[in-house]
Amino acid sequence: MSETIVDEQLKSRTRKKLKPPQSYRVLLHNDNYTTMEFVVFVLESVFRKSLEEATQIMIHVHQNGIGICGSYTYEVAETKVEAVHELAEQYEYPLQATMEEN
């Protein structure tokens, strides 16, 4: 077998085994103390949402008790959850974020 054919066969097998990274949803949880304005601020600063999209998500969280902020790889989702908790602690709000597999 020529080297080129072997290389192509290896590349072909490798491509088939690769899977996209697992995606995780980051969720915000409603509480009775965190202001709506702060939730919008978090969505804009941590999740890079526009004011309009942040407001829509905040209203959804307020009305339903929970809402999705976005889907990310594990490491990015984990970092965003930590950022939410750090901001909430800094501003003395009990806002909680969690992550779950998509």
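**Reading burial, salt bridges and charge in a predicted model**

Mentor: In helix α2 (residues 36-45), the buried residues include Phe38, Val39, Val40, Val42 and Leu43, where buried means under 20% relative accessible area, exposed over 50% and partly exposed in between, with a 1.4 Å probe and protein chains only. This is a predicted model in which local features need pLDDT of at least 70 and side-chain atom pairs count only at pLDDT 80 or more, while totals for chains, interfaces and linings use all residues. Residues are numbered from 1 along each chain as its sequence is written, and side-chain values use heavy atoms, with hydrogens and water left out.

Trainee: What covers the buried residues of α2?

Mentor: Helices (H or I, at least four residues) and strands (E, at least two) are DSSP runs numbered from the N terminus, and contact means heavy atoms within 4.5 Å. Here the cover includes β1 (24-29), α3 (51-64), β2 (66-72) and α4. The chain has four helices and three strands, arranged from the N terminus as α-β-α-α-β-α-β.

Trainee: How many salt bridges does the structure hold?

Mentor: A salt bridge is a side-chain nitrogen of Lys or Arg within 4 Å of a carboxyl oxygen of Asp or Glu. The structure holds two. One of them joins Arg25 to Glu100, with the closest N and O atoms 2.6 Å apart; because Arg25 lies in strand β1 and Glu100 in strand β3 (residues 96-101), this pair ties together parts that are 75 residues apart in sequence. Arg25 counts as partly exposed at 24% relative accessibility, and Glu100 counts as partly exposed at 33%.

Trainee: Is Lys49, which meets Glu53 in a salt bridge, buried or exposed?

Mentor: Lys49 is buried, since its relative accessible area is 17%, whereas Glu53, at 33%, counts as partly exposed. Their N to O distance is 3.7 Å.

Trainee: Which residues form the negative surface patch?

Mentor: Patches are made of residues with over 30% relative accessible area and no salt bridge, like charges being joined within 9 Å and nonpolar side chains (Val, Leu, Ile, Met, Phe, Trp, Tyr) within 5 Å. Asp and Glu count as negative, Lys and Arg as positive, and His and the chain ends are not counted; the charge is placed at NZ of Lys, CZ of Arg, CG of Asp or CD of Glu. The patch here is formed by Glu75, Glu78, Glu82, Glu86 and Glu89. Glu75 is found in helix α4 (residues 74-90) and counts as exposed, at 52% relative accessibility.

Terms used:
Accessible areas come from the Shrake-Rupley method with a 1.4 Å probe; for residues, only the protein chains shown count as cover.
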